[in-house]
Amino acid sequence: MTGFQVIFGLFCAVQLLTAASRFARQRRGLDLLYAAIWTAALVAVLLPETTVLLAHALGIARGVDLALYVLAVLFLWAHYQHYIRYKRLEEHITVLVRELALRELPANGASH
Amino acid sequence: MATQTSTAQKQERLPVDPAQVFIVIPAYNEASRLGPVLDALLPQYPNVVVIDDGSTDETAQVARQRGAVVLRHVINRGQGAALQTGITYSLRAGAEYIVTFDADGQHNPADLPAMLAPVAAGECDITLGSRFLGRAENMPLSRRLLLLAARVFTYLTSGVKLTDCHNGLRVLSRRAARCLNLRQDRMAHASEIYDQLRTSGLQYREIPVTISYSAETLRKGQSASAAFNVAFHYIFGKVRQ
């Protein structure tokens, strides 16, 4: 076992245990998803050949390349999701600020 | 509305009852420039609404002292957000005509009767001020080029052909104001208005107006780098919908 496998394997194992124990306590589906992701990461670290097999099945030469492509796509996707949420949050803040401004001064005794 | 008709002569020039006109002025740290703008408007138009967009200076006090209605954003949300706040307030207060006006003194109140007339006559729902049909005093070349680029951009994205896409002087009928819903908080609201003009089928017309550029107005104007920022917000704002 290489140093890389020890360090990353341990990290993944701790994360897996954390997610699994949280799922055991709270039964949240999200924790199950995290557990699955960390399991996949643990397998990829300890048995690198599995990623090669998967990469070959998809027509990619190296397992590392597969991991890189997956990461790149996930990064862009996550970034976009965050951007959408951020914009929505901004819109909500504006609505709140507007409501506060209008509440402070209710129509000023105008005709309607 | 005590100052409804200040003089018979002014009433004659103005195609509508000034009490039906609400002038919406977004202002962010404009204490030094807002005073003269309000002094020019208030004698003729009793309903002037200043949206203090989270200013850290005396903007709100200046506006209040002169008798304008002041709405305060507790934090800065940008010009688009401030405009929408002013429009919403004006609609609730019973406005028939809503004018958007810049706080920095670049617009001329004398242009308002000509801007209001076609809307009051029912010929269109919105009039947009154009400095290129009218006069632009002391406009630097860089500003001219920037506005040309904005014109091309607006035509490509909104399909609306205008001579001046980033002019803050507009008149909206009550019906038009109710159709608009500005969600672009910052400067991209200008392009957003044109999108909503096209999709809502509202009739618009450009009216020649005079814009005066001074060292004061240019100090806080939009730079070329800011324009890219605006385009970015606009494009990504569209994607999201």
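Read along the sequence, chain A follows the pattern α-α-α-α, with 4 helices and 0 strands. Helices (H or I, at least four residues) and strands (E, at least two) are DSSP runs, numbered from the N terminus. The radius of gyration of chain A, taken over C-alpha atoms, is 24 Å, well over the 13 Å that the globule rule gives for 112 residues, so chain A is more spread out than a compact globule. That rule is 2.2 Å times the number of residues to the power 0.38.

This is a predicted model, in which local features need pLDDT of at least 70 and side-chain atom pairs count only at pLDDT 80 or more, while totals for chains, interfaces and linings use all residues. Residues are numbered from 1 along each chain as its sequence is written, and chains are lettered from A and ligands numbered from 1 in the order in which they are written.

**Chain A overall**

- Along the principal axes, the C-alpha atoms of chain A fill a box of roughly 80 × 40 × 25 Å.
- Of the 112 residues in chain A, 9% are buried (20 or more other C-beta atoms, placed from the backbone, within 10 Å of a residue's own; exposed means 12 or fewer, and partly exposed lies in between).

**Helix H2 of chain A**

- The 18 residues of helix H2 (residues 29-46) of chain A should span 26 Å at 1.5 Å a residue, and the end C-alpha atoms are 26 Å apart, which agrees; the expected span is 1.5 Å times one less than the number of residues.
- Ala35(A), Trp38(A) and Val45(A) are the buried residues of H2(A).
- They cover an arc of only 85 degrees around the axis, which puts them on the same side of H2(A); the arc is that of the directions from the helix axis to the C-beta atoms.
- Gly29(A), Leu33(A) and Ala36(A) are exposed on the other side of H2(A).

**The sheet of chain B**

- Chain B has an open sheet of 7 strands in the order S3-S2-S1-S4-S6-S5-S7, with mixed pairing (two strands pair if DSSP finds at least two bridges between them).
- Strand S3 (69-73) and S7 of chain B stand at the edges with a single partner strand each, so one side of each is left without a neighbour in the sheet.
- Strands S1 (residues 21-27) and S2 (residues 47-53) of chain B pair in the parallel sense over 6 bridges, and Val49(B) in S2(B) is the bridge partner of Val24(B).
- Strand S5 (residues 126-137) of chain B runs antiparallel to strand S6 (residues 170-173) of chain B, joined by 3 bridges.
- S5(B) and strand S7 (residues 204-212) of chain B run parallel, joined by 8 bridges.
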